[in-house]
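Could you take me through the fold of this protein, from its sheet to its helices and its aromatic residues?

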Amino acid sequence: MSSGPSLQLYSYYRSSCSWRVRVALNLKGLKYEYKPVNLLKGEQFSPEFLELNPLGFVPVLVDGDTVVGDSLAILLYLEEKYPEHPLLPDDLKRRAINIQVANIVSSSIQPYQNLAILKYIDEKLNSDETSAWLQYHIGKGFTALEKLLQDYAGKYATGDEVFLADVFLKPQIHAAIHRFKLDMSAYPLLLRLFKAYSEIPEFEAARPEVQPDAVNPSK
């Protein structure tokens, strides 16, 4: 990786939102200090962390006196300040598709599998309801993504280069397969992309199980 400014990333190894940022930092060749936040222990609600992000969510990026929470905001910040390996293509249409994919994942899929949401459903209803909830919302989002990317995908989501859409897709598809046991037979394009990402070193280095705070990625 190239030398550069000292960045700090507050992250939880299993958080797909944090994973996106780890991938982007790797792609851009930016060194960073990993600051673990254990969500299961409630460290995201400590006074110190709430000073960084009042919502109590990871990830948070600290770049000198700049503090940015929310993965999409972080990635757009990185894109503006550190343009090496662009996350957005020059082509306006493909740029828009990348942003649309990112928003589908971050707004229409991932929030429904948030730890707090799943805990609430388990407590108020039961585990069967939780499974049905996940299958519906992930499936709805994946159906939309599968259709949206049909006319744009190459080796990766929007062509033969890695962009923002890919950064969002890898962690989400991984969670669907390995955490939530989603049958991917209805999503052949997404499954093909997922396999292609496993050949990219920057994606592999961001995997949950190789992070400093990883304990048991199946949990």
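The questions and answers below go from the overall fold to single residues.

The model is predicted, and local features need pLDDT of at least 70, side-chain atom pairs count only at pLDDT 80 or more, and totals for chains, interfaces and linings use all residues. Residues are numbered from 1 along each chain as its sequence is written, and side-chain values use heavy atoms, with hydrogens and water left out.

Q: How many helices and strands does the protein have, and which pattern do they follow along the sequence?
A: Helices (H or I, at least four residues) and strands (E, at least two) are taken as DSSP runs numbered from the N terminus. Counted in this way, the protein has nine helices and four strands. Read along the sequence, their pattern is β-α-β-α-β-β-α-α-α-α-α-α-α.

Q: What is the strand order of the open sheet?
A: Two strands are taken to pair if DSSP finds at least two bridges between them. β1 and β2 run parallel and are joined by five bridges, whereas β1 and β3 run antiparallel and are joined by four bridges. β3 (residues 60-63) and β4 pair in the antiparallel sense, also over four bridges. The pairing in this open sheet of four strands is therefore mixed, and the order is β2-β1-β3-β4.

Q: Which strands stand at the edges of the sheet, and why is one side of each left without a neighbour?
A: In the order β2-β1-β3-β4, the two edge strands each have a single partner strand, so one side of each has no neighbour in the sheet. These edge strands are β2 (32-36) and β4 (66-69).

Q: Is β1 largely enclosed or exposed, and how many of its residues are buried?
A: Buried means under 20% relative accessible area, exposed over 50%, and partly exposed in between (1.4 Å probe, protein chains only). Within its pairings, Y10 stands opposite K35 in β2, and L7 stands opposite D63 in β3. β1 is largely enclosed by the rest of the structure, because the number of its five residues that are buried is four.

Q: At roughly what angle do the axes of α1 and α3 cross?
A: Axes are lines fitted to C-alpha atoms, for helices over the stretch in contact, and angles run from 0 to 180 degrees between N-to-C directions. The contact (heavy atoms within 4.5 Å) is made by C17, R20, V21, A24 and L25 of α1 and by S71, I74, L75 and L78 of α3. Angles under 35 degrees count as roughly parallel, over 145 as roughly antiparallel, 65 to 115 as roughly perpendicular and the rest as oblique, and α1 and α3 are therefore roughly parallel to each other. Their axes come within 9 Å and cross at roughly 10°.

Q: With which side chain does the side chain of K28 make a polar contact?
A: K28 lies in the loop between α1 and β2 and is buried, with a relative accessible area of 2%. The residues that K28 touches, not counting those up to four places away in sequence, include L78, E79 and Y82. A polar contact is a pair of N or O atoms within 3.5 Å; within protein, one must be able to donate a hydrogen and the other to accept it, and residues adjacent in sequence count only if both atoms are side-chain atoms. At 3.0 Å, the partner of the K28 side chain is the side chain of E79.

Q: Which residues form one aromatic cluster?
A: Rings of Phe, Tyr and Trp (its six-membered ring) pair if their centres lie within 6.5 Å; planes under 30 degrees apart count as stacked, over 60 as edge-to-face and the rest as tilted. Y156 and Y197 are stacked, at 6.2 Å centre to centre with 10° between the planes, and Y197 and F203 are stacked too, at 5.1 Å with 5° between the planes. Y156 and Y197 are both buried, as is F203. The cluster is formed by Y156, Y197 and F203.
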